[in-house]
Amino acid sequence: MNKLITFLKTFDIEPHDISLYQAAFTHSSCNVKGDVKSYERLEFLGDALINSYVAYLIFKHRPNLTEGDMTLMRSEIVQTRSLAKIGKKLGLGELIIFGDSINPKEALQNERFYEDVLEAFVGALYLEAGPIKSKEIMSVIFSPIVKSHDIKKTTNYKNALQEAIQAERRETVHYVSTKHISPNNEQYFEAEVFLEDIKLGRGIGKTKKAAEQEAAKDALEKKAS
């Protein structure tokens, strides 16, 4: 409890309902009897809030970026590795409460826990302190990152698309590829990328991999528009 209060004071948070913040750092392994609130629901809310506010900060601070570059930047900033790095820097690992079935030192080797509790903290902050205070603190955390972030000049559009989708829904896209023969007897592939049964994009290439990359690129461009 003392560590949590000290952490909240670093952001000038004086909570009226400390239980929300306690839940934000309580792993579901503590909920053996079903009477302990853990961070999963708060994580869901915080995930959506971070995605939305990072998009706003990119729009505000990076006026020269194209729509596609803004989408790529957001996916890079909100991916697990990036959020986990922020969580570690804030010392969130020391605040997580695990049940007896989990070894904390081993668990905290997994970056996902840092990402989860950062999102849960933002969710709790929004509910307990309100939208104005939560935006103020998200700005403190994310504005310097948005201002200094360099977009990776990558042609791996499949990874970029998957990270963008998982940042929002934590689901996996899949590809359907078909081989064709052109009128001049040259082989090419057509690929379509789907999220469940929804087609996100389409691409054509000389190889299956190239076609899938083009389909992912098409999906990212449509997503940004």
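Okay, let's start with the rings: counting pairs whose centres lie within 6.5 Å, we get eight aromatic pairs. Keep in mind that this is a predicted model.

Let me pick one of those pairs, F7 with F121. The ring centres sit 5.2 Å apart and the planes meet at 65°. Over 60 degrees counts as edge-to-face, so that's what we call this pair. And where do the two residues come from? F7 is in helix α1, residues 2-9, while F121 is in helix α7, residues 111-129. That puts them 114 residues apart, so to speak two distant parts of the chain being linked.

Buried or exposed, these two? F7 is buried, and F121 is buried as well.

Right, on to the helix packing. Here I want to show you α3, residues 40-61, against α8, residues 131-148. Their axes are 10 Å apart, and the angle is about 55°, which makes α3 oblique to α8. The crossing is right-handed.

So which residues do the touching? On the α3 side you've got L49, I50, Y53, V54, L57, I58 and H61. Facing them from α8 are K135, M138, S139, F142, S143, V146 and K147. If you sort that contact by class, you find nine nonpolar residues, three polar ones and two charged ones.

How values were computed. Residues are numbered from 1 along each chain as its sequence is written. This is a predicted model: local features need pLDDT of at least 70, side-chain atom pairs count only at pLDDT 80 or more; totals for chains, interfaces and linings use all residues. Side-chain values use heavy atoms; hydrogens and water are left out. Axes are lines fitted to C-alpha atoms, for helices over the stretch in contact, and angles run from 0 to 180 degrees between N-to-C directions. Helices (H or I, at least four residues) and strands (E, at least two) are DSSP runs, numbered from the N terminus. Angles under 35 degrees count as roughly parallel, over 145 as roughly antiparallel, 65 to 115 as roughly perpendicular and the rest as oblique. A crossing is left-handed if the near helix is turned anticlockwise from the far one by less than a right angle, and right-handed if clockwise. Contact means heavy atoms within 4.5 Å. Ala, Val, Leu, Ile, Met, Phe, Trp, Tyr, Cys and Pro count as nonpolar, Asp, Glu, Lys and Arg as charged, and the others, Gly among them, as polar. Rings of Phe, Tyr and Trp (its six-membered ring) pair if their centres lie within 6.5 Å; planes under 30 degrees apart count as stacked, over 60 as edge-to-face and the rest as tilted. Buried means under 20% relative accessible area, exposed over 50%, partly exposed in between (1.4 Å probe, protein chains only).
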